Structures are given as structure tokens and as C-alpha cells.
Amino acid sequence: MRITTRLGREVDVAEDYTVDQNWAHFSAEEHARWDRLYARQMEVLPGRAVQAFFDGLDSLKLSDGGIPDFEELSERLMARTGWRVVAVPDLVPDAVFFDHLANRRFPAGNFIRTEAQFDYIQEPDVFHDVFGHVPLLANPVFADYLEAYGKGGLAAAGRGVLANLARLYWYTVEFGLIQTAEGLRIYGAGIVSSPAESVFALESDSPNRLHFDLERVMQTDYRIDDFQQTYWVIDSFEELLGATYQPFGPIYDRLEGRTDAYRPAQVIEGDTVYTHGTQSHASDQAA
Ligand code: HBI
Ligand code: FE
């Protein structure tokens, strides 16, 4: 079928919104842009990103240089955790997204940001999707979590709880922190693909850092226009996966139809607080 992307391009996609990655079409300049984005992140990530992220970069050979060919990448990933990477031209509808994840397929953009978008892009490109998300899919526990998330999403269809599912994704897969023996580390893709937020999330006294709680997270609004005001910390990927073992049905029963949510910076009774942030960054931005 033919769709129009949010950037106004007309593209033919399969029923599941996938396209051919068309790897041969990337120019030398685009491969070089990937390499510069990669090098910039490697300046900040050592000592900040979780070891499993670096293990994934290594075992999937993402450090070889250039935009990865999804066929080769999928072969390596398949051998480790049974996941594949499929190409999409844009964000895909929620139900389609959940179906891909539930079947261990990660949809990744078939385009790279332009030079003008080097520092900031709104729509996830191949650098965010592959560099940010794919390394952890080589970790068996995280890989199972993302599949469980997709299944939870499919079960949410028609229950009016999609916002709750999106918050869970946002605060874990995109912006999660993890406590390790070496200290607090980043694992969320939105952080590991952003040089400024990689530092802010760990070192700024502005944001809250609270211990992860599935139902609390599902009720908390988030910001898409700035750094997060709250980061949720897990102790292990097992903890994250464990939280999704419980059936989501009873949770959806409690959340369904609730239209109020906690504000992004709110700290409430019952939260386990590591940092009660000053929120100076958010008020500077507002001023
Ligand atoms: N589509 N390609 C793509 N990538 C995403 O991260 C994505 C999506 N569609 C929906 C979606 N994310 C979110 O709404 C999830 O939080 C549910
Ligand atoms: Fe993402």
C-alpha cells in the first residue's frame, strides 16, 4: 500500500509497514555521517552506558563503520537472541509497532538524518534506532522484555490504555537508568543516542531519579520537547522483565478510563527517591 510519511514523502510499504532498507543507496557522505555520530557518542558513553550496551556494539560488529546493512545485522542478532531488524520509512501505527516487537522484529528507520539535523531530529532515524536500540537486543533478558512489552501492547488494543503503554516504553526503553556495581549507568536509547542527555541524565542535579515501579511509571506524563524531568532506575534487566511477567489485565482494569496522570516532575508518597531534583533546568527553559 502507499502511505505519506510525516515528512510528506510518498512510499510503498508492505502490510506491516516495512520497506526494503535499500542499503546500497546510502551515499559515502551518509555513511560518513553515521561514523561522526558514532564517534561523538563514543566520546561520552564510556563510564556512562551500561556494559551490556558495549557488549552489544561489539558482538553485533556495529563498530565496523558505516550505516549497518540490516540483513547482516539481523543475521548476527538472530544468532544471539532471535531478533531481527526490519526497515520502516517512518513511525508506524501503534498496533503495527507492538506486533513487530511481539514477534521479535525491531522496526528501524531506512534513512539517516540530514546534516542540518545533526544535533536534533524529531523522527527517529537509523542512527537513533540502530545505535540506540539494537545493542541491547543482543542481551537475552532485555530482548525478552521488549517482546513482552509488545505482547502487553497487543493486549492493550481497544482498552484505552495505550498512553500507559507509551509511558512505560518512554521511561524504560528510551530513557531508563540502571544501578550497577560500578555506579549508575544509562541504558535508554533516547539517552545513549544524545550527547547532551547522556551527561545530564547521570550528572545534573536537576532531574528526579526514582526507583522504577511499573504502575507508577504507566501513570506519569513525559516530555518530548526537552530532557526528562524524572528518570526511573532499575537494579537489573531481570527486574524489568520480572515486572512484565504479571498479567497486565488487572493493571489495565485499574488504569482504564483514568484521565489524570502524575506530572513529569512530581514526587509522591511511596516513591523510592535517589535524587529529588532541583528542576533548575526545566525552570531555566521556561524562563
Ligand atoms: N514506530 N518506527 C517506530 N518506532 C517507534 O519507536 C514507534 C513507532 N510507532 C509507535 C511508537 N513507537 C510508540 O507510540 C510506542 O511508544 C508505543
Ligand atoms: Fe527510540
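1. Start with the side-chain contact. An oxygen atom of ligand 1 lies 2.9 Å from an N or O atom in the side chain of Asp94. This is a polar contact, a pair of N or O atoms within 3.5 Å. Taken alone, ligand 1 exposes 390 Å², and the protein buries 84% of that. Such areas come from the Shrake-Rupley method with a 1.4 Å probe.

2. Note the basis. The model is predicted: local features need pLDDT of at least 70, side-chain atom pairs count only at pLDDT 80 or more, and totals for chains, interfaces and linings use all residues. Residues are numbered from 1 along each chain as its sequence is written, chains are lettered from A and ligands numbered from 1 in the order in which they are written, and side-chain values use heavy atoms, with hydrogens and water left out.

3. Now the backbone. A nitrogen atom of ligand 1 is 2.7 Å from a polar backbone atom of Val92. A nitrogen atom of ligand 1 is also 3.5 Å from a polar backbone atom of Asp90.

4. Look at the shell. The residues around ligand 1, with a heavy atom within 4 Å of it, include Val88, Leu91, Phe97, Tyr149 and Tyr169. By class, eight are nonpolar, none polar and two charged. Here Ala, Val, Leu, Ile, Met, Phe, Trp, Tyr, Cys and Pro count as nonpolar, Asp, Glu, Lys and Arg as charged, and the others as polar.

5. α4 (94-102) and α7 (162-174) each supply at least two shell residues. The largest share, three residues, comes from α4. Helices are DSSP runs (H or I, at least four residues), numbered from the N terminus.

6. Finally, the metal. His128 (NE2), His133 (NE2) and Glu174 (OE) coordinate the iron ion (ligand 2) at 1.9 to 2.1 Å. Donors are N, O and S atoms within 2.8 Å of the metal (3.2 Å for Na, K and Ca). Their spacing along the chain is H-x4-H-x40-E. His133 in helix α5 (residues 126-137) and Glu174 in helix α7 are 41 residues apart, a pair that links distant parts of the chain.

Conventions: Polar contact = N/O pair within 3.5 Å; in protein donor to acceptor, adjacent residues only side chain to side chain.
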